[in-house]
Amino acid sequence: MGQIFPRNANLLARLSIFGGLLLVVELILITGVFFRSNYFRQINVAVEQPVAFSHQLHNGVLGVDCRYCHTSVGQSYFANIPATETCMTCHSQIAQYSPNLEVVRESYATGAPIEWIKVHNVPDFVYFNHSIHVNKGVGCTTCHGQINNMPVVWQTQGYFMAWCLDCHRQPEQFLRPREEVYNADYVQPANQLEIGRQLVAEYGIMPAAQLTNCYVCHR
Amino acid sequence: MTSQSPTLTTEAVREQLRNARGPQLWRSIDQLADTTAFRELVEREFPRGASELDDGVSRRSFLKLMGASLALAGVTGCTYMPRAKLAPFVEQPQGGRVPGIPLFYASALTLNGFASGILVRSNEGRPTKVEGNPLHPASRGGTDIFAQAEVLTMYDPDRSTQVLNNGAASTWDAFTTTLGNSLTAQSVTQGAGIRLLTTTVTSPTLAAQIEQFLQAYPQANWYQYEPINRDNVVAGARLAFGEDVSTRYDFSAAQVVLSLDADFLAPGPGFGAYARDFSDNRRVDAASTAMNRLYVVEATPSSTGITAEHRLALKAGQVEGFARALAAALGVADVPAGAAVPANAQAFLQGVAADLQANQGNTIVIAGAQQPPAVHAIAHAINAALGNVGNTVIYTAPVEARPALQTSELAALTNEIAAGSVELLVMIDGNPAYNAPGDLRFAERLAQVPLSVHLSLFVDETASRATWHIPLAHALESWSDARAFDGTASIVQPLIEPLYQGKTSHELLAAMLGDANADPLALVQNTWQAQANGSFDIFWQTALATGVIADSAAPTLTPALQTGAIPAAPPETSGLELVFRPDASLWDGQYANNGWLMELPRPLSQLVWDNAALISPRTAIRLLNLPISVDQLIAPAGGDADKAATATRERALELLTQANGTVVQLSYRGGSVELPIWLMPGHAEDSITVMLGYGRSNAGRIGDGIGVNVYPVRTSDALWFGSDLTLAATGRTYQLVSTQNHWTLEGRDIYRVGTFDRFSADPKSISRDIYNEKYGRDSPGYESLMPRVDYTGRNKWGMTINLNACIGCNACVVACQSENNIPIVGKDQVAVGREMHWIRIDRYFAGSDLDNPDTYVMPLTCMQCENAPCEVVCPVAATVHDYEGINNMVYNRCVGTKYCSNNCPYKVRRFNFFQYSDLNTITLQLARNPEVTVRNRGVMEKCTFCIQRISDARIEAKKTAVAAGQTDYTIADGTIVTACEGACPTAAIVFGDLNDPASRVAKWRGEGHNYGLLGELNTFPRTTYLARVRNPNPDLELEG
Amino acid sequence: MAQAQPLRTRPQPDDGESYLLPGETYTSLTQKIGDVPLVSPLKTPKGWLAGFTVAFFLLMIFLMSVTWLFIRGVGIWGINIPVGWGMDIINFVWWIGIGHAGTLISAILLLLNQGWRNSINRFAEAMTLFAVACAGVYPILHLGRPWIFYWLIPYPNTHGMWPNFRSPLDWDVFAITTYATVSLLFWLVGLIPDFATLRDRATNVWVKRIYGMAALGWRGSAHHWHRYEIASLLLAGLSTPLVVSVHSIISLDFAISQVPGWQVTVFPPYFVAGAVFAGFAMVLLLMIPIRSFYGFQNYITMRHLDVMAKVMLATGMIVVYGYFMEAFAGLYSGNVYEEYLLTNRLIGPSAWAYWGLLFCNAVAIQPLWFKRVRQNIPALLLICVLVSIGMWLERYVIIVISLEREFLPSSWAQYYPTFWDWSLYIGTFGLFFTLLFLFIRVLPMINIFEMRLFLYQEEEKRRLLGPNTDAEPIVRPTATTD
């Protein structure tokens, strides 16, 4: 008796084999891409805060130093979220009737903290220490982006482990002089690598083989 | 719901927990934990997401789904993390406090009323860790297990949260009103119906308040009672000197020490000082010319007993006879002869006597608190005769506010209650309804008191019977003061507002004196205003900063021995003897609800979660007709050479240990109790030891119904031991759980011991003997195909443990548990070998005679091998080496194959078989160390050398270096102190940089008796040991 | 030509000498083997239904155990510190070992041109696949955090990390996946001509279509045969080294470590031999009942059983030599830990396992020296059961007893399997037999076309040996017999 499939059905058979394989690969790739996507990590998504505080204005325009509010960034792992008191030091004089500051004044009066929304999420199990980074010439904007141009703050980096390792493997590509750390307008010079290597030597930055040890960030 | 309040502070949590207890507490905690407000709190408390708790929807649990089925990808549309909130301070705290940097405060904790100085670490306002206070005489930088565990007690969710009136919720105001009325009524009779019952009082403030109260109510009476009291010590002193004197010992000057059933190397007054001084005198090195020698006569094997060069196992009842015979042998005047010393003790007696004679003035004869007054009096007499007084034995004015015979005081109180003459009974702390001797029937009597008040941390057995219960503020929440064993006073300062609106004893006394809302701080300051010479502020600040009040030690006395004071010997007793001892972990039962202590392997027995009747194997075999020949207790003549005989003996011993858990009925003086037995090699024959502190009914989630309560069979006339005990097998067995089931070393070279003579002649001899035996040459000559990694240039962290100083007190284990957020797992999990302790204390019974073995204890933690077997086999590189040579265990990379543990020859790795860490209980969250990851289910963990402390020190060092323009940083020796090292009362552990030749660890490592455990495996452990050196009396040494 | 009446050639008396009993024709072969899958669902044999039901029930137990495992964690098992691996790894090694017979038969015997393999290779290969499937679940299930098992696979990830290629556990990943893939391919390729046969024999059009798709347009042209022969030779060549490599690598999971009792240099060959040993035992165990159930005694003859028994005996003796070497090494090493290991196996608390394994794997196989035993079905069955148990005990002794008592007596502890250890093990039998029953129901469990080829060769032999009247005219067999 004859065949039940026409000869050209063989093509279908071949296609289905390769198509199936392709599909699996596609799925895996899509998954991978999704988890790296800015959508999933909520990168470059501006986060509305209870108070319309503008880093652009305070830092960018008025040039208030980062450390004025983030006091402990140089001494502690924790950069410190400013107390309402800190806002009021100026705003008891300046724009003291601005409706934007209603929440601040209320907080100061009632003693109830302002609830800022957390923008930058370091993955769990990472013991990130601000102080050692800023003391060793890692600029604020290197991780936090051009904060001085952000009316409302957003996270500019995915903070993947691989991203951290970029710098821990080649610090010379990112380091800047200690005095420039808090300078949001700092632009890397053309000879960054050269300068970077000098700074690595000067600041006694450990070689990659040591900077990439697990216990440097994890415990 | 109130818990929806926009911001949540620790105070708010406190507010919410205030009126909740038991199931109710759990409900309210759950409600609370769901609120966003709580998440903010935790967000503030754990700013870096150290625990999984802090992300609303756990990212990892999302990934779990992903891992389980990739098909889910994208479908869920879930994003990275819900936005958490940050609530900063409204007003930045002053005082140079840098957010995120922990602070330390000096304070004091008491055991039996006697203070020990501590430094408490505060993270963001939460006390998280207790360290010893080097400036405090009773601490000397070390702590005991109880001090370490107090943090957990403070955060215990089972603590009493509210004032109770006959079990119903009430308020402090309602109480003070009632109290006021009652007192007004009493004032008519000058308080004839008032009785005050406290535990031992050394607090000057409390004493002053009580004094004041007694003046206001002259007819009132003040009694003290603790189940583990020092009646015999007090009575002994009165017997010897006719007055109250406190005795303290200076072990730093003692060459020969004889302990008459005194366990001075276990927690108790002066423990810190005694343990430190004593071990300093035996921490020998190549340069040492002398080493002290310890003789112990005891019934129950103890930390002191296993440390001794020579230990004589005598029934507790025979110790007095021994003391009298010794006095006779030393020619001490008017000590009536006692019962004949057993034949096997004669040689020991002669040896001790000779040794004491030879070292007059530099010896100590110390009697145990459980021995009758006569023994203490004899000890005083002997010390006087040997000229020790003023040198090694120092008498001072009484340290307690009022030395008392507490048992008889409690008896008096019960009689008065029975007589109906007590109308108002105020009980401050203590738990007499549970821990009073059975024959006093205190619990029943208590019910007869019209108005009884109980101030305590928990709604315990007494609180539930009293008409009023007042929650007590924990020592870490209170202002107070207390005296150490030598009288030195310390200020107790609070680290946090009372979590559960507890009241201090001072506030209660103040209320009794009419001031219902007194400020305890003011009360304490009042007491010291007078003492302060010069500015009080300076005095006060110094006292708080140093943790001690200068020159407040009790003045020394030189009391005169009374002649003819020592009574004639009591009639000789025979037959079985029952001995009561405080539990090594639960003490008198007050720590029964502390999980860290409950799961802490008891020294020597290694038992957890239960008490047992300790009995010597020989006695057990005889009484229970175990199918084992007693000859097996003695090693075969051939020693280990006779392999077959040794193997069969080892097997026989294993079978013998199966008798553990046999339930027996102990009938004692009309009372009777059923307990499982636990074989304890070295225990005195015909003597059985039971531990106090178990069988609680109102302890809390952990302690309720654990073990058997033996207080009911305890009698007030023989508090510590007594004869006429009969033992009957019940035919039942009970599962006792121990963390170590094997007794012997199997002839393996694990624990190295040598004698002082041989050592001082040649420090390397100890190891060399072993190598000669094993390899036929002086050195092991291990060879490796792998080249050694070079760690020079950076810090090369290492640790050395001095087996000569370790007394197996477990302080390091609890300290580690507290520092590293180590969970407890429960009895059933320990039963299947899943305890989580990162550092453990191994115990081995060695020597040829298991009736009185050489007992060895050996702290064991991750050896941080340079050639780590665990690292090679991990498929995901979750455990790897860093440049300082530390074996990094990365929890978040671990997938849990458990191969690393299989391949670890030291078996120091611990696995989270279930979700052991409590991620739900708020207060336990607050107790955690934010510097250390809280581990989750399915990951391996182990000792990290306290990497969080290393990291912090390194970062600080780097910052200073770069600020000073230096390219390289240095970390001074001693900057980094690991938790175990810091807690060790005998300074048996040192940690430091092996690249720094000046560091203590490098020095120890250079000693001749330094050795690496299982060195033949070429693991090159970073943790090494200093071999044990004994200093036996040549006349008594039986085996080489 | 019209469909011939199905011949019902009943089993011939078996002299135990020939691999194919006389009286078979191409038609009879094709019908007897080919009709089994083609039986209409309504006529499914009762015996099959019963067996499948039981297997499916066990499979449900498997699912239950896995679910509970994921909910609670590996703590539901009896493992502890020091015994970090228990029945999870024991069963893993046991199953993967069983898998080995298939590849050996299909690959090595093919290269050695052993005609007798034709009647058993299909079945053995199927068994291999199913055993590997059962084994494969364990490495994932035994993880503390199974949902991230994929971290063992090297892929570009956001951690910027590779797995640890030094770890034998990572080698396993590659060894097992390769092995599974190649075996599957080999099996499928071998099925193509038979799919065609079924396609052509099927009466129901849908059945035709399904088998037709699977046949990938096979027409049995010389072209196809030529390609086919080359493909199967290549695959055989590929999988031959795998037979050795897989279990060698599994053995390195232990040999790489330094646990006394694991760190043994003889492990790789000794594991491979053990695997073949266990594998053949399992093949016999399954084939004997099935052969009589479907009346295949003519194709799977006593001679087959005899030869497989011989292989068992041979590999068994190699394993026994392995035991001897272990003991000798222990005594000769002069190493206190190795010495103690032996003592512990002989008189320790788990000694029963060691003695049991010696009995099952060393003593029980000795009767196989005698042909009478090799060709006695009950005896064979009994021995195969004992060997299967023995090989399980061997893994228990190696893994558990070694871990129970390592270097420091302080950390010695016993291992006691829990309910969930057993339920998962029993559950894997469910997985195995469910797949097996489905296989014998819908696929030809004996390789039809190779049998035809074999018949041809046998007939040729007979013809050369002398005139044979019963024989049909010899026609070079093709896949389509109409």
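Two strands are said to pair if DSSP finds at least two bridges between them, and helices (H or I, at least four residues) and strands (E, at least two) are themselves DSSP runs, numbered from the N terminus. With these terms, an open sheet of three strands in chain B can be described, with the order β9-β14-β20 and antiparallel pairing. This is a predicted model, in which local features need pLDDT of at least 70 and side-chain atom pairs count only at pLDDT 80 or more, while totals for chains, interfaces and linings use all residues. Residues are numbered from 1 along each chain as its sequence is written, chains are lettered from A and ligands numbered from 1 in the order in which they are written, and side-chain values use heavy atoms, with hydrogens and water left out.

**Where chain B meets chain A**

- The contact (heavy atoms within 4.5 Å) takes 67 residues from chain B and 58 residues from chain A.
- Chain B and chain A bury about 5800 Å² between them, with 59% of it on carbon and sulfur atoms; buried area is the accessible area (1.4 Å probe) that two parts lose on being put together, summed over both.
- Two salt bridges are counted between chain B and chain A, where a salt bridge is a side-chain nitrogen of Lys or Arg within 4 Å of a carboxyl oxygen of Asp or Glu; Arg219(A) and Asp952(B) meet in a salt bridge through their side chains, at 3.6 Å from N to O.
- Ten residue pairs are in polar contact between chain B and chain A, both residues being at pLDDT 80 or more; a polar contact is a pair of N or O atoms within 3.5 Å, and within protein one must be able to donate a hydrogen and the other to accept it, while residues adjacent in sequence count only if both atoms are side-chain atoms.
- On the side of chain B that touches chain A, at least two residues come from each of α3 (36–45), α4, β1 (85–86), β33 (879–881), β34 (887–889) and α30 (947–963) of chain B, and the largest share, ten residues, comes from α30(B).
- By class, this side of chain B has 33 nonpolar, 17 polar and 17 charged residues, where Ala, Val, Leu, Ile, Met, Phe, Trp, Tyr, Cys and Pro count as nonpolar, Asp, Glu, Lys and Arg as charged, and the others, Gly among them, as polar.
- Strand β1 (residues 116–117) of chain A is joined by two bridges to β1(B), and the two strands run antiparallel; Trp116(A) has Leu86(B) as its bridge partner in β1(B).

**Where chain B meets chain C**

- Here the contact takes 59 residues from chain B and 62 residues from chain C, and the two chains bury about 5000 Å² between them, 57% of it on carbon and sulfur atoms.
- Two salt bridges are counted between chain B and chain C, and the side chains of Lys907(B) and Glu406(C) meet in a salt bridge at 2.8 Å, N to O.

**Individual residues**

- Glu131(B), in strand β4 (residues 126–132) of chain B, is buried at a relative accessible area of 10%; buried means under 20% relative accessible area, exposed over 50%, and partly exposed in between (1.4 Å probe, protein chains only).
- The side chains of Glu131(B) and Arg949(B) are joined by a polar contact of 2.8 Å.
- Gln375(C), in the loop between α13 (371–374) and α14 (377–404) of chain C, counts as buried at 19% relative accessibility, and a polar contact of 3.2 Å joins its side chain to that of Asp306(C).

**Backbone features**

- Most residues other than glycine have a negative phi, and most peptide bonds are trans.
- Asp551(B) has a positive phi near 45 degrees and is exposed, with a relative accessible area of 80%.
- Asn810(B) has a positive phi of about 80 degrees, but counts as buried at 5% relative accessibility.
- A cis peptide bond joins Ile81(C) and Pro82(C), with omega about 20 degrees.
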